[in-house]
Every structure is written in C-alpha cells, then in structure tokens.
Amino acid sequence: MKPLLRIEELSVDFRLDTETVHAVDSVSLTVEEGETLAVVGESGSGKTATALSVLRLNPEPPCVYSGGGVFLGDRDVLKLSEKDLRGIRGNEVAMIFQDPMSSLNPLKRVGVQIGEVLRRHQGATRSEARQAVLPALREAGIPDAERRAGQYPHQLSGGLRQRVMIAMALVGRPKVLIADEPTTALDVTVQAQILDLLVDLGQRHGMAIMLITHDLGVVAEVADRVVVMNRGQVVETGDVLDVFDRPADEYTRALLRATPKLELT
Amino acid sequence: MTELSVGAARVPTAASGVLRTVVTKIVTAIIVLLCVATVAFFLVRLSGDPVKLLLPPDATADQEATLRASLGLDRPLITQYLDYLAGLLRLDFGTSLVYDQPVADVLLERLPATLQLAAAAMVLALVISVPAGIIAALRRGKAGDTGVMTGVLIGQSTPPFWVGILLILVFSVQLKVLPASGYGTFTHLVLPSITLAAYSVAVIARLLRSSLIDVLSSDYIRTAKAKGLGTGGIVLSHGLRNASLPVITVIGLEFGSLLGGAILTEQVFAWPGSGRLTIEAITNRDFPMVQAAVLFFAAIFVVVNLLVDISYTVLDPRVRLGR
Amino acid sequence: MTAITVAIPTGRARTASPLRAVLRNKLALVAVVVLALMLLAAVFAPLLAPHDPNAQDLLVRLRPPAWMAGGTSEHLLGTDQLGRDLLSRLIYGSRISLLVGASAALLAGIIGATIGLVSGFLGGWFDRVLMRIADIQLAFPSILLALAIVGFLGSGLWYVIIVLGFTGWVSYARVVRSEVLSLRSREFVTEARAIGVGNVTIMRRHLLPNVMAPLATIGTLHVASAIVAEASLSYLGMGVPKEIVTWGAMLANGQLYLGTAWWLAVFPGVALMCAALAVNVTGDVLRDVADPKAYRR
C-alpha cells in the first residue's frame, strides 16, 4: 500500500545570527493509511521541526528547508505554491499542538474556531458552519456540544480543550493527522482518554497519524511503528514491538533504559 | 509619556459580577474627582494671598479688607472649603473675577471648541496610526517598519507646539493656503488638529505595532495557519482583534493627553477654547476659573477613562465571563 | 550567639555592556555624540558662545543666518528683533533645558523608585492606596497641573524642576513596583528574610540594584519629556524667569516674526528636537541593553 505521507531525506536548518543549527538532517520516514507512527526523541532531537515541515509551518525567516522533500501522494509540499499549500492545511493534512490553551484564540468562541475550517475549505456560511461543528464536537467526546460550542477556551478544562483541537483538526476529514505532543500538557488521567480517542478516530476514518512524543509509554500504548530521532537524525525505525524487544541502536537502548518501569515486589 | 493602566482585573462569576465591577469603577471615579476638586482648591491658595495679587500696589488696607470680605476670603479656610464643596454639589463653581459671570457659563461656552479640536485630533491620529502600526508589524525589520518607527521617534521627540509653528510657517506664511489662527471653518481646524495629533500618532502606532507583533507570534496564529487561513484573514480576524485590546486602553489615556496638549495648541493658534481660557485665567489670577478649569479637564479625562475601562471589561470575555 | 556571615547572592541580573551596545548601533552612536556635544555646550557656554546672549545691538537687528543674503559671519544663525545673537542664545538655552530635564527626571526617579519599592515590597493596603493616588495623579493632564502650580507660585527655576519632578513619578513607581513584585518571591529575597535581614536593607541592597536598569530607561525617556515640558512652560510665559534664556521663550518670540525672520522660530525648535531625539534614542538603546525581552525591535 502506498504511504499517505512520505518524507524523503528532509533537511531543515535554522539560520541564527551566530550559527546555523541543523535541526533536521536527512530524515526519511513514511506513514501508511490507518497506521499510527510515533516519532520519539528528546527535546532538540528535531522531531517537532520535522512535524512542522509537513505543513511548512516552521517560521521561515530563521528556518530554511535545505534538502529533501515531503510527499503527499505525488506532490512535494516543500515546492507547492502558497495557495495550494493553504488548500492542504486543515483539509488533507491537519495538525494538533501541544498546549491547547495557547493554541486556541482566547477571544473567540470555540465553535467559531472550529467552523473556520469549514468556511475556508467547504465554503460553508456562518450558520451552516455553526450546525456542522456540533457532530465534530460530539465525535471528539465533548458532551453538551451546543453549549460548549458557544463557550470560550478559558471556560473549558484542559482535556476538553484538547478535544476541541481534535474536533477542529478532524472536521475537515483529513487523510493525515499530525499530533505534536498532544498529551504532554494534560493531566495523567486525561492523557489516556485523549490517546484512545485519537487512535479510535484514526482507525474509524482510516487516517495516517504521525504522533510526536518524548514519552515511550505513549509509544507503547498507541503506536504501530516507531521512528527514533536523535540530534536531527533518524537512528532507528521499525515496528513498535520489535524495536522495544530488540533495539538495534545504542541510543534507543539508552532511551529504553531511562524509562521507569513498574516493578512488582 | 503615557502609561498602560488596566486597573485591577476583577474576575466576576456572572453578569451581575460585571455590574458590580462597573459600579465600583463609577464610585472610584467620583472619589477621584472629589480628590481632584480638593487638590484644585488648595492648589490655588498656595500662591499666597490672592487679594494682594488682584489689587494695584498702592491700594489701601481698607480697600484690601473690603475686597477680601466681598470675595469671602476672610473666612476660615475650612469654611471656605465646605462652601466650595457645597457649591460643587449645586453645580455652582463660583464667579469669574475677570468676566464677572458664573465660571461654569464661561467655561461651557468655550468647551465645544476644545472638544472639537480634541475629537478631530483623535480621529486624525487613529486614521494615521492604525494603518501605520499594522504596516510596521507586518513588514517587521524591513523598510516599512523602519520608516514607521522613525516617524514614531520623531513624533515623540518633537515639541508639539513647534510642530504647530512650523506648520504655520509653511502653510500660512509661505504657501498661504491655510489660516494661522482663528476659528469657524474646516480650514481653521486643519493645522491645529494636525499639531495636536502628532504625538498621539506616535504613541498609538508604536503600541499597536508591538501588540500586533506579540499577537502574531502566538500559538493560536500558528493554529490558524495550520487550518489553511490566508494572511489577510489571519491578520484581521485573529491578529487585530486580539491586538486591539491593550490599544483601546491607551486610547483613553491618549485622550487625556490630548486635552492637555489642547491647552498648548490653542495658544499657538489662538483657538478660542477652554485651554486658552485657562491660561488667561492663570495669568490673570482668576482663581475660581482656574479651580473650575482643573476640575473640568480632570472630569472629562476621568469619564473617558471610565468608559474605556468599562469597555475593556465588556470586550474581554476572560474578564466578562470568568470561570 | 555567634554571628554567622553568609554570603547571600544579590541575584544581580547580568546585563550586557552599554558601551558595546552603543557602538553596535550607529544611530545610537550619533545620538550619544550629539548628547555629549550638547552637554559640553551647556557646561562651557561662556567659552563657546560668540556673544553675550543678552547683548542688544539694534544696528544688526533681524539679520538672517550667515549663509543667506544680508547675513554676516558675526552672527552665524542670525539675530532677533533686539539684535541679540541667536547662536549664543541657543547655546545658553541648552543649559536650562538640560538642567531642568536631568533634575526633574532625577527627582521624579527618586520619588517614584522609593514609592515603587515600598509599595511593591510591603504590599497590602499601603500598596493599594499608593496606586490609587497614582491613578488620581494621572487624572490631571500634567501640563495643566504644572501650569497651575507655576502660574500661581510664580516663576522660578526650582519651582519648575520640583513641579516636573513631582508630576512625573508615576511611570517610575509603576515599573519599579512590577519588578519588585516579581523579585519579591525569588530565592535571594526569601533567603535574606529567613536570616532576619531588615526590610530596608533588603530593599536597598537586594532589590534596588535589580531595578536600576528599568529605572534608567524610564529616566532617559522622562528627561526627554521633561525637556519638552519645560519648553512648553517657557513658551507659555510661565516657568523660568524671563531674564534667563530658554528655547521655549525663544520660540514664543520667534512666532511673532514668522513672516520676516523665520530663523527665530526654526532653530530653537531644531535644538529642542535634537535634544529630545538624542535622549530618546539613548533611552531606547539602554532599554535594549537592560532587557532585550522588553525591547520591541
């Protein structure tokens, strides 16, 4: 099966005043339909920069895409025009971010923010959008959808806010979903719920999910395959069970060792 | 130099909480005005004996005593103060020593001219500074930004009354297209309002620029981009909407500064407004007038600020709705 | 009981060298040079001015600047209606502007910093009352206040400085207070309190050095606005006694001769603008150095 997302030898540099940082160095990975790929690594490993590259969301004055390509089907995202690129964002490919409080506009109602996707990509009118966001909210597990749609981000709990982000990402029925540390800012009890929701929705809609995380526990829970990154490079790729059982790379082994395990005494 | 004052941000739990906040603010405003009135009262009496200043140097002691009694200045200070406060409640501000008319009448007669000038300047300032601030924020670090910021720097450093003098030199004396002074038609309003607006343009443009830059670098803008929204839509719908909140507060404060600046501008252009009247009053030692003028200007400022403060409470849903 | 001396770090923020910052930015360099020149002119006025600023010579009244027709090299920038040399008056005028600007800013800074320190550190009702007073103070358009005071008290250099100082403290107080509020809970303060260091000492030794940077920034900006405020007062005829040369009074005089002798109204204004610009740019650079986060570039 042809992968929905194919990153080939991607290199991303950040040109700062004093130096150039090679945030992403010849990274290659693929994500198939219905599959959840975890990209794991410490902070600074380049995983977020890689994720942002899929929609070309890296801030472009310091950032330069110095090599390789990001392919959706046959098209290279890095070479698309602004217009085509905007057509893809929120539509074919959607992204959710780490901190739902800062990622939502505090001055706009939640329903309106979700509706923006429909108004942009499906030409919905304001009232059409208002109705169409309700099923998206319910699908994301938000009870009392009508009331919630009229609320502002600060009126919702952290878990609910992330569900709103998920609803916003999914309302356009994207083929590829990129989730950048979606549970890091949440309570431990809520984390599991959100992860389950993501996986469930992914399978239901046949989406390819690229999950960025530093938490190996999350990887073990939900991922089918895993890519391990260190200092901008891919050090290991494979099925989750294989990599966890028989890690080929020294760095991967170190990561696994560092993960606290529950000991039964 | 203006200050950013957002007051104590109270977080009410419902609409009644908003009402409570509004009422509190109104009460505070009244107290502030009372304090201003008191300060004005004592201020004016700081200079020593107003009676001596009003009389020619060769006046006799008798004449002095008569004048003092007629002005009610021979009574103890406390009595004068309480009389003054009582008068304020009756909206009686005393009689002008120069015009021999109720002070309130004279002031009110001239007030429209000042308000017209301040309003025209505010509108002009907004019309110039808002686009300038947006351009500077969007073209940050490039030519547009540098140009705007240079303008801001010059605007904040140039004495406003000199701007007026220069404008008169160029447009009235050399080019002869606009009048140098006087009141009545639109052409009379042009130069004074440009002069008065100059400083405010700089302050507002600078603030809008930095506020917009802040907002545009926040996470929710990245989310908006990730949804496929275009630059125009993002700047207007998300950027400006969020960036304008702190600017609105400053606009209120700027209006106060405009009132102060109007005093100077009126002098430069011989504009028949309350500002010029106040200066006359000070020069002539017409202290009932000065007292009232200080109170008037402060009152306008306090009311405008109150409105801006309340509007902020209403506009920001985080304050309005709370948790 | 043995006295235990503990070296408590004062938690001084590391700031970049101002000198290097100035050298990096050419505009700032120009500004600082201009400022230095003005200071020199003010201090050495009697040596630099070609004429006595008050000397009248009706034979050369209303002469234009030297490069124009009718000008003489005796009076490089021309003369006024009493034959007084404009350049000399400009040089002497700088004394008042810079003196008032600096003194008013210093006074306002001392008042404001003290209030801000105490208010922020002690908090409680004291803080609330002081901040309310600050709000009330802002309710006065300051020029009106200055006018009323000076107008009634009479002209005098010190009156002007005191008035401008007493009306300008609010910005300093606000900035210092917010710094103190954020520093108050930091380790070096709680450590000092824990071993019983008195409040005043804490404020003086630990908090004050940390607020110097934002204070200096507000201070330079205030100098610029004090210079303009003084000029405004002089323009209106109130402020410094009329015998002393001020740029503001020169402008008021010059306005009367706009049709015939434009240089009388233009050059004092240029001097004012240059002074304010130089000070403002220096202030911007200081802010850049002190707190790059706060500097919007």
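**Chain contacts, sheets and helix packing in a predicted model**

Of the two pairs of chains in contact, chains B and C share the most contacts, where two residues are in contact if their C-beta atoms, placed from the backbone, lie within 7 Å. The structure is a predicted model, in which local features need pLDDT of at least 70 and side-chain atom pairs count only at pLDDT 80 or more, while totals for chains, interfaces and linings use all residues. Residues are numbered from 1 along each chain as its sequence is written, and chains are lettered from A and ligands numbered from 1 in the order in which they are written.

Between chains B and C, 40 residues of chain C are in contact with 41 residues of chain B. At least two residues of the side of chain C that touches chain B are supplied by each of α5 (124-139), α6 (142-153), α8 (169-183), α10 (199-235), α11 (247-255) and α12 (263-290) of chain C; here helices (H or I, at least four residues) and strands (E, at least two) are DSSP runs, numbered from the N terminus. The largest share of this side, nine residues, comes from α6(C). By class, the side of chain C that touches chain B has 27 nonpolar, ten polar and three charged residues, where Ala, Val, Leu, Ile, Met, Phe, Trp, Tyr, Cys and Pro count as nonpolar, Asp, Glu, Lys and Arg as charged, and the others, Gly among them, as polar.

Chain A meets chain B through 23 residues of chain A, which are in contact with 18 residues of chain B. On the side of chain A that touches chain B, the elements that give two or more residues are α2 (82-88), α3 (100-103) and α4 (110-121) of chain A, and α4(A) gives the most, with four residues. That side of chain A has, by class, nine nonpolar, nine polar and five charged residues. No contact joins chain A and chain C, and the closest C-alpha atoms of these two chains lie 14 Å apart.

Chain A itself has eleven helices and ten strands. Its radius of gyration is 19 Å, close to the 18 Å that the globule rule gives for 265 residues, so chain A is as compact as a globular protein of that length; the radius is taken over C-alpha atoms, and the rule is 2.2 Å times the number of residues to the power 0.38. Taken along the principal axes, the C-alpha atoms of chain A fill a box of roughly 55 × 55 × 40 Å.

One open sheet of chain A has six strands in the order β6-β7-β8-β3-β9-β10, with mixed pairing; two strands pair if DSSP finds at least two bridges between them. At the edges stand β6 (93-96) and β10 (233-239) of chain A, each with a single partner strand, so one side of each is left without a neighbour in the sheet. From one strand to the next, the twist averages 15°. Four bridges pair β6(A) in the parallel sense with strand β7 (residues 176-180) of chain A, and Ala94(A) stands opposite Leu177(A) in β7(A). Helix α7 (residues 158-170) of chain A lies across β6 and β7 of chain A and runs at about 170° to β6(A).

A further open sheet of chain A has four strands in the order β2-β1-β4-β5, with antiparallel pairing. Its edges are β2 (20-31) and β5 (75-76) of chain A, each with a single partner strand, so one side of each lacks a neighbour in the sheet. Strand β1 (residues 5-15) of chain A is joined by eight bridges to strand β4 (residues 63-72) of chain A, and the two run antiparallel. The bridge partner of Arg6(A) in β4(A) is Phe71(A).

In chain B, the axes of helix α8 (residues 186-216) and helix α10 (residues 231-269) come within 8 Å and cross at roughly 160°; axes are lines fitted to C-alpha atoms, for helices over the stretch in contact, and angles run from 0 to 180 degrees between N-to-C directions. α8(B) and α10(B) are therefore roughly antiparallel to each other, given that angles under 35 degrees count as roughly parallel, over 145 as roughly antiparallel, 65 to 115 as roughly perpendicular and the rest as oblique. The axes of helix α6 (residues 143-157) of chain B and α8(B) also come within 8 Å, and cross at roughly 135°, which makes α6(B) oblique to α8(B). Val148(B), Val152(B), Gly155(B) and Gln156(B) in α6(B) meet residues of α8(B) including Ala198(B), Tyr199(B) and Arg206(B). By class, this contact of α6(B) with α8(B) has seven nonpolar, two polar and one charged residues.
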